[in-house]
Amino acid sequence: MSHSGEQHQRPGHYGYVGFATLPNQVHRKTVKKGFTFTLIVAGESGLGKSTLINSLFLTDLYKDRKVLNAEERISRTVAIIKHTVGIEEKGVKLRLTIIDTPGFGDAVNNTESWRHIDDYIDQQFEQYFRDESGLNRRNIQDNRVHCCLYFISPFGHGLRPLDVDCMRALHEKVNIIPVLAKADSLTPAEVCRKKMKEIKQFGINIYQFPECDSDEDEDFKTQEQILKNSIPFAVIGSNVQVESKGRKFRGRVYPWGVVEVENPAHSDFLLLRNMLVRTHMQDLKDVTREIHYENYRAQCIQNMTRMVVLERKRRWVELRKMQEVLERIQEQMQHSHRSGC
């Protein structure tokens with residue numbers, strides 16, 4: 001059999017080994033195992049978070065939700081609520097987990113209200129680190145947070161201090177994708193102004209789309225550039241089917257006209273959904289595993305090493321003290337012996 005790099009063996013050829021089927025084997029095994037994806041949703045109440053999530057994944061995760069009045073919203077603290085749903089499409093299973101954060105940004109004093117989200121992300125990293133370091137590594141359940149959809153209010157001028165503080169606190173731990181909520185309340189010119197790179201001015205590192213390879217086709221490169229230019233995604237959510245001019249679609253009816261959720265001229269909804277589900281879900285998971293979790297893991301190992309070193313130093317100091325005490329006792333005994341003589 002020739003091992004020359006110039007020759008390519010073909011199926012049916014006498015020298016064909018068969019490792020070209022490896023991608024198919026991996027595909028079958030992965031599909032059989034199923035996929036997981038965890039998304040955390042942050043932003044103040046009333047920005048349409050629940051509606052958008054239901055629209056994105058064509059499911060109803062919030063059917064038992066109780067809508068609170070203003071007084072109840074102000075008095076409650078930030079909660080972490082986990083919704084898990086199994087979705088199957090063309091034989092591919094996805095265990096989707098949505099982490100909701102009711103109460104975030106609703107209080108009169110919102111100082112460090114992001115702390116609950118920060119702690120939750122750390123807890124998932126910690127649990128995975130423990131499971132990974134344990135004996136039963138084969139059946140680890142991955143609950144690490146792969147993406148944070150951060151909802152920015154369309155009202156007011158730019159980012160609020162809470163938005164800046166929260167994204168800064170989380171950007172080294174999770175992939176942040178900013179979303180401009182209720183975009184139908186803004187004119188096209190206002191949407192353009194909101195999309196100006198204010199996030200970069202505050203030193204916030206949001207999710208970075210991977211660079212295109214040189215051999216990618218032009219359509220793919222164009223699509224990637226459109227995604228990059230669309231941040232933050234100006235979105236509209238609706239679970240209601242409306243009819244207009246003989247067509248049925250999800251949208252919102254206003255006295256002045258109809259807004260279509262999936263119309264690119266009205267909303268970035270399709271761009272966001274395609275990015276999250278069709279094109280970048282695996283990259284979001286890869287970045288979580290290879291960057292955010294590895295940073296956490298390295299920090300844990302560094303802290304553990306530091307603790308071991310400190311413990312060794314403490315024991316050495318204790319041992320040295322004991323030796324000094326023994327030496328003093330020996331000196332006293334020798335002195336007493338000489339005095340007795």
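1. Let's start with V253, which sits in strand β8 (residues 247-254). Strands here are DSSP runs of E with at least two residues, and helices are runs of H or I with at least four, numbered from the N terminus. V253 is exposed, at a relative accessible area of 57%; exposed means over 50%, buried under 20%, and partly exposed in between (1.4 Å probe, protein chains only).

2. A word on the model: it is predicted, so local features need pLDDT of at least 70 and side-chain atom pairs count only at pLDDT 80 or more, while totals for chains, interfaces and linings use all residues. Residues are numbered from 1 along each chain as its sequence is written, and side-chain values use heavy atoms, leaving out hydrogens and water.

3. Now look around β8. An open sheet of 3 strands runs in the order β7-β8-β9, with antiparallel pairing; strands pair if DSSP finds at least two bridges between them. At the edges, β7 (241-244) and β9 (257-260) each pair on one side only. β8 and β9 are joined over 4 bridges, and G251 stands opposite E260 in β9.

4. Next, the helix α5 (residues 161-170): its buried residues are L162, D163, V164, C166, M167 and L170. These pack against α4 (115-133), β4 (147-152) and β5 (176-180).

5. Finally, which residues does F233 contact, leaving aside its neighbours within four places in sequence? Among them are I177, P178, V179, F209 and L272, where contact means heavy atoms within 4.5 Å.
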